[in-house]
Amino acid sequence: MLTLLGRELQRRWLPLPGPQTAALTTEADVLFYGGGAGGGKSALLCGVAVTEHHRSRLFRRESVQVRGLVDECTKIMGSRDGYSGQQNVWRLPGDRQIEFAHCQYEHDKEKYQGRAADLIGFDEITHFSESQFRYLINWNRAIRDGAQQRTRVIVTGNPPETAEGRWVVAYWAPWLDPDHPNPAQDGELRWFTTIGGVDREVDGPGPHGTDALGQPIVAKSRTFIRSRVTDNPYMMEAGYAATLQSLPEPLRSMLLEGRFDLAASDDPWQVIPSSWVELAQRRWTIDPPAGALMTCMGVDVAQGGADETVLVARHGSYFAAPKAFKGVDTKDGQAVAGLVFAHMRDGCEIAIDVGGGWGADAHGHLKGQKIKSVAVNWVEPSIGVTRAGSLPFLNKRAESWWRLREALDPNGSERIALPPDKTLAADLATPLWRRTPSGLIKIEDKADIRKRIGRSPDRGDAAVMAWAHGGLVEQERANNPRPTMAVVEHADAKRRPHRSATSRSRSSWR
């Protein structure tokens, strides 16, 4: 029941008729509101925080972008009384507050661990990574025991303009993916939970069995409500629709109509086109081809606590799903070597980044165990040239990334199968390239990528190393085509014998 103070705050903001009112009143636990530009997205976040919640945390990706949310709240409140710019907190009467937060880098999400908020909002959700979003919403709960306070997550945004933001289409697939087998209407509630580590749609809140601790598995509801500039009379009166009409396609249709079915345009200097990655992912099956032995495992070692150590195994042209481990769980080279030894198969080659951290130490441990381990030093000069023979490479990093680009080219003869891992797809579509003044191909440095997208493309680097190496093992198998039996680890954690593929040529898998 609203107090007198609550009623007074409610009078400060009323939603626009139509989609904004539907967004305010929906019962969804997780709401995506937006699509088109100018539909009142930021106003919804701030209005709900001011009028409906006790502890609100509103995110923008970068700290400088938070000012827009503060300005929106200022319009609602009529002044900045109660706002602390130093703390980025707006204190409202009745011990209520709105925190304006940012999460520029991937590891910034850890700053909010354990800090409950009954409303968590994200403005421009496609600017955030999926891992940031999933981590931060874990703290969406009531902050006072016994309090009848609704908890919810609200995100706003337009269709993604970059590969990094495409995860939202998969997360809200029933509303945004045109190929979804069971599409949902705007505002319709659908229920999702995680079962066996996989995000699954279920038929209601549950419970849906129990977890490893014997606790019931319950689902949360999601929905999507589309808004456009035509739903906002203030923006229409200001002539914003004409501004959107003048944009070039596909940006015009994305922002004016909220079209999520239009693919975000790749950067013209992107190393690997997104469509090539998507084509390779369509070829993937949960098991490798019958008899295909593990050829190589690429290992990207965490260089900090927020990074992951990633293992990507390759069976010829088939890539297994990445295995990722927290940096804190791979705290030294021996721990990394132990993980590699536990997951490698068939005497495969190991390609491990030794550019820093524990990579070199892990390489030493593997060599000590007589394992075929290759020390990958990205900055080592390259003597290679592109397949067409026209351009040389600055270093091994440039050559290795370009080799995977050439192999993924639909006009080539390779038929790579990549797992449908969204982070891997984003990693492979992220790096840019350019020519140096001396005409060498240079791939964007990992540090520069981290600054640009807020995280390290660890899964992409591991896949690139797996493709660049393993040739010695394949040659040995070609020279010794004797039948063997091998045990191959599958995605379902079951093992079954595979007949050796050593009697088949490498081209059988590529």
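I began with burial: of the 510 residues in the chain, 51% are buried. The model is predicted, and I noted a mean pLDDT of 86 for the chain, with 89% of residues at 70 or more. I counted 18 helices and 20 strands in the chain. The accessible surface came to about 23800 Å², 51% of it from carbon and sulfur atoms. For contacts between residues at least 6 apart in sequence, I found that 65% join residues at least 24 apart.

I then looked up the ends of the chain. Over residues 1-6 pLDDT stays under 50, and the model has 4 contacts beyond four places in sequence there. Residues 483-510 also stay under 50, with 69 contacts beyond four places in sequence. Where pLDDT is low the predicted coordinates should not be read in detail, so I took nothing further from such stretches.

Next came the salt bridges, of which I have 30 in the count. One of them joins the side chains of Arg166 and Glu278 at 3.7 Å, N to O. Arg166 sits in the loop between strand E7 (152-157) and helix H6 (167-171), and Glu278 in helix H11 (residues 274-282), so this pair ties together parts 112 residues apart in sequence. I logged Glu278 as partly exposed, at 36% relative accessibility.

A second pair is Arg222 with Asp199, whose closest N and O atoms are 2.9 Å apart. Arg222 is in strand E10 (residues 220-227) and Asp199 in strand E9 (residues 198-202), 23 residues apart. I have Arg222 as buried, because its relative accessibility is 5%, under the 20% cut-off. Asp199, at 32%, is partly exposed. I followed this pair into a network of salt bridges that links Glu130, Arg134, Asp199, Arg222 and Lys422.

I also checked Arg259 and Glu257, whose side chains meet in a salt bridge of 3.5 Å, N to O. Both count as partly exposed, Arg259 at 29% and Glu257 at 28%.

I turned to Lys442, in strand E18 (residues 441-443). The Lys442 side chain makes a polar contact of 3.3 Å with that of Asp445. Beyond four places in sequence, I found Lys442 in contact with Leu394, Ala398, Leu432, Trp433, Arg434 and Thr436.

Last, I tested helix H4 (residues 66-77) for length. Its 12 residues should span 16 Å at 1.5 Å a residue, and the end C-alpha atoms are 17 Å apart, which agrees. Among the buried residues of H4 I noted Val66, Leu69, Cys73 and Met77.

Conventions: Residues are numbered from 1 along each chain as its sequence is written. This is a predicted model: local features need pLDDT of at least 70, side-chain atom pairs count only at pLDDT 80 or more; totals for chains, interfaces and linings use all residues. Side-chain values use heavy atoms; hydrogens and water are left out. Helices (H or I, at least four residues) and strands (E, at least two) are DSSP runs, numbered from the N terminus. The expected span of a helix is 1.5 Å times one less than its number of residues. Buried means under 20% relative accessible area, exposed over 50%, partly exposed in between (1.4 Å probe, protein chains only). A polar contact is a pair of N or O atoms within 3.5 Å; within protein, one must be able to donate a hydrogen and the other to accept it, and residues adjacent in sequence count only if both atoms are side-chain atoms. Contact means heavy atoms within 4.5 Å. pLDDT is the predictor's confidence in each residue, from 0 to 100. Accessible areas come from the Shrake-Rupley method with a 1.4 Å probe; for residues, only the protein chains shown count as cover. A salt bridge is a side-chain nitrogen of Lys or Arg within 4 Å of a carboxyl oxygen of Asp or Glu.
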